[in-house]
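Trainee: I have a new model open and I'd like to learn how to read it. Can we go through a few features together?

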Amino acid sequence: MVDQTRKKIIEGSTLSVGVVLVLALFALVNYLSLRHYDRFDWTENSLYSLSEKSRNVVADLDREIELVIFMSPGSQLYNPADELLTSYEAANTKFIDKRVIDPVKNRFEAQRLLDRHSIERSNVIVVASGEERRVIDEIDLAEFDYSGAQFGQGATLKEFKGEQLITSAILELVEAEKPKILFTTGHGETPLDGGGGRRSFSIAKRLLGNDNFGFEEWSTATATQVPETTDLVVVAAPTTSFFPAELDLFSRYLDGGGRMLVFLDPSGTDDLTVDAGLAQWLAGYGVAAGDDVVVDPESQMPLMGPGDIIPASYGVHPIVEYLDQSRTAVHLSFSRSIRKADDASGDLEITELLETSASAWGETDPEDPALEPGDGEVHGPVAVGVAVSFQVETGGEEDLAAEEPAAVTEEAETEVAESAGEDQNEKPAPPEARLVVYGDVDFAADTAIQSTANSELVMNTFNWLVEREQLIAIEGRSTEETRLFLTQPELLTIWGMVLLLLPGIAVVTGVTVFMRRRR
Amino acid sequence: MNGLLATFERELRAYFFSSLAYVVLTFFLLANGIGFLIVVTYLSNPQGGAGFTPFEFFFSGFFFWILVLISPPILTMRLISEERKSGTIETLMTSPVSEVQVVLGKYFAALALYVFLWLPTVLYAVILEQHSDVDWGPILSGYLGTLGIGAMFLAIGVFGSSFTKNQIVAAIATFAILMFLFTFAFFEGLVTSETTKDVIGYVNLLQHMEDFGKGVVDTRRLVYYATTAALFLFLSCRALEAKKWR
């Protein structure tokens with residue numbers, strides 16, 4: 001009897017301990033699952049996936065980022081914002097933490113957030129890292145469609161732009177400095193900022209500002225060198241010539257590992273193109289800038305002239321890789337031919353980015369009413385943009401020797417020798433100079449940057465030139481209204497199949513089974 | 001393994017050779033059908049709203065949750081309690097079949113019936129595809145979520161059934177536990193503590209199915225379902241084992 005009782009106690013204790021251990025294991029596994037998880041998007045159009053670029057930015061994080069939705073759940077943007085921020089958190093659970101604060105229900109938490117980040121309004125998304133933060137207003141997160149207002153309908157969500165803004169905000173927080181872009185002035189260039197009805201880059205400036213670029217205008221007339229810490233120099237369709245000293249300044253900058261973006265544009269005056277001295281200068285870098293206007297009869301669009309072209313193919317290059325894969329078109333208007341020169345040096349890596357169809361040509365006499373390819377003109381496919389890169393020559397071993405400290409003891413000598421050996425083995429790669437030239441400026445200016453995928457081409461160009469290949473313009477997600485377009489007979493058919501046929505089959509099967517069992 | 005298979009076959013035969021499965025299936029299809037058709041009719045109306053797919057609502061609507069909360073207690077209430085009431089549990093426990101094999105065999109039979117109930121609803125998507133574009137990704141993820149939640153609920157049902165001889169009590173106990181888990185969804189907005197909110201969000205079944213219905217498969221959900229099912233099946237085995245000593 002005592003033995004039986006003892007046995008029951010032992011078995012009961014063993015059982016209890018087992019249950020406790022299993023409960024602990026259950027809690028541990030779920031805790032780990034809560035901290036480390038992943039989300040998979042099974043939709044056809046990857047509606048709930050971060051773009052590859054956002055994922056790259058997030059994957060490279062080395063500091064904690066806090067994403068806070070400070071919005072009422074009743075807001076139309078709450079759900080897409082919550083879904084998006086959850087995707088960010090899932091992409092890097094180690095460094096990204098998402099929080100949701102309802103300004104109405106969580107007043108205490110709301111007030112703490114307002115005080116901590118010096119925010120004066122609700123319905124925002126806060127992207128914070130340490131003491132720094134960026135605040136994104138609800139109004140900037142999306143575009144709405146108000147066309148239904150006349151029928152008494154409310155605004156419908158047309159495009160959600162949260163990912164672009166949040167990734168940009170994260171970039172701003174983690175990058176030590178903004179890439180500095182200088183736009184040259186003094187030669188009739190297309191200005192950075194608009195006004196007075198002039199063509200300008202104000203839209204590009206805003207879009208690139210979202211990617212944390214900094215812009216300045218820079219007069220080359222009296223400059224002796226390109227300012228230090230410049231990441232990119234842009235020459236935007238000059239209409240008057242550069243002095244040789246200015247071109248020499250560009251050469252020294254580029255040959256020292258600098259980055260330049262040059263827009264050439266047919267002038268539309270009696271002189272077909274304005275040379276500005278750049279064509280000859282570009283020839284030194286393997287770029288042939290035609291004195292022509294590219295005409296492509298195959299890519300003419302309604303209400304547009306022969307000078308409007310949609311490139312038929314893209315080169316193999318990071319700038320246009322995404323455009324090529326997604327089969328997205330860009331639109332250029334009155335472009336010069338910009339090609340790889342026949343005598344380009346082998347040290348230069350030159351890629352023709354955009355090419356017309358084979359029926360195009362570079363017209364040197366647009367006044368000619370016949371408008372057909374002539375002798376001496378460039379025949380299609382004609383390139384209208386190129387990218388050039390080359391390794392910059394750096395100092396040799398004498399530089400290393402100059403840096404070695406004088407050895408004092410035998411031990412120090414060995415250490416220095418070893419370190420010199422290591423330096424030689426781990427010598428950093430020589431800097432790379434990059435140059436992109438386009439034969440048109442309108443596609444990047446306010447006139448046409450928002451046409452087709454021009455803005456993407458512009459963003460990709462800038463990001464490649466400053467070596468931020470992991471970024472492209474992350475397009476806003478268009479929200480498609482899901483509707484079913486069913487006729488009345490179709491609807492009735494569906495009703496019949498779902499409510500009568502399927503349950504009917506179940507009833508018949510059940511009755512059959514019942515009858516068989518009775519037998 | 002043989003014991004598991006034998007138990008599984010026996011239970012499956014008991015389900016499908018009785019009219020109960022087909023009665024449940026008929027009402028299941030009627031309820032699901034009504035829910036599905038309400039959404040389809042709404043989205044077909046040009047004056048109606050839009051913005052979600054039929055299956056987003058199908059996997060998170062009123063009829064879905066009614067069926068998911070009610071069917072597991074019904075499917076599992078007799079699994080062990082009936083054997084205990086009729087006295088066959090003692091025979092079963094003395095046979096060369098372990099408690100684990102018995103529990104798992106019965107559990108998988110209930111799971112098979114659960115899948116059998118939901119399987120015909122895939123035809124809704126097939127029917128709809130004849131008249132409209134259908135993205136199968138969210139549909140498959142929706143069914144994955146339905147299966148995961150069902151697997152968890154059925155394990156809880158087996159546990160409920162292992163504690164009593166009375167099927168009704170087993171069903172009510174199971175339903176009570178399921179409702180307890182389900183109502184966590186309504187607490188998330190009421191708490192202010194970040195940790196508590198995270199925990200409640202982790203078990204918020206409404207949010208889970210909203211994600212699955214949209215096409216988002218989150219590993220947290222799958223881990224939660226698998227571990228909870230495993231926990232309750234373990235507890236069921238321990239409950240049966242404890243009965244042996246009495």
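Trainee: Which side chains of A:E83 and B:K214 meet, and in what kind of contact?

Mentor: First, keep in mind that this is a predicted model. Here the side chains of A:E83 and B:K214 meet in a salt bridge, at 2.7 Å from N to O. The count between chain B and chain A is three salt bridges.

Trainee: How much area do chain B and chain A bury between them?

Mentor: The size of an interface is often given as the accessible area lost when the parts come together. For chain B with chain A, that comes to about 5,200 Å², with 66% of it on carbon and sulfur atoms. In residues, 65 of chain B are in contact with 51 of chain A.

Trainee: Now a helix pair. At what angle do α7 and α9 of chain B pack?

Mentor: Helix α7 (residues 99–118) and helix α9 (residues 136–161) of chain B pack at about 140°, their axes 10 Å apart. That angle makes α7(B) oblique to α9(B), and the crossing is right-handed. The contact residues divide into 14 nonpolar, two polar and no charged. Among them are B:Y107 and B:W118 in α7(B), and B:L147 and B:G150 in α9(B).

Trainee: What about the backbone: which peptide bond is cis?

Mentor: Most residues other than glycine have a negative phi, and most peptide bonds are trans. Here a cis bond joins A:G380 and A:P381, with omega about 0°. A:P381 sits in the loop between β19 and β20 of chain A. Look at A:F334 too: its phi is positive, about 55°, though it isn't a glycine. A:F334 lies in the loop between β16 and β17 of chain A.

Conventions. Residues are numbered from 1 along each chain as its sequence is written. Chains are lettered from A and ligands numbered from 1 in the order in which they are written. This is a predicted model: local features need pLDDT of at least 70, side-chain atom pairs count only at pLDDT 80 or more; totals for chains, interfaces and linings use all residues. Side-chain values use heavy atoms; hydrogens and water are left out. Axes are lines fitted to C-alpha atoms, for helices over the stretch in contact, and angles run from 0 to 180 degrees between N-to-C directions. Helices (H or I, at least four residues) and strands (E, at least two) are DSSP runs, numbered from the N terminus. Angles under 35 degrees count as roughly parallel, over 145 as roughly antiparallel, 65 to 115 as roughly perpendicular and the rest as oblique. A crossing is left-handed if the near helix is turned anticlockwise from the far one by less than a right angle, and right-handed if clockwise. Contact means heavy atoms within 4.5 Å. Ala, Val, Leu, Ile, Met, Phe, Trp, Tyr, Cys and Pro count as nonpolar, Asp, Glu, Lys and Arg as charged, and the others, Gly among them, as polar. Buried area is the accessible area (1.4 Å probe) that two parts lose on being put together, summed over both. A salt bridge is a side-chain nitrogen of Lys or Arg within 4 Å of a carboxyl oxygen of Asp or Glu.
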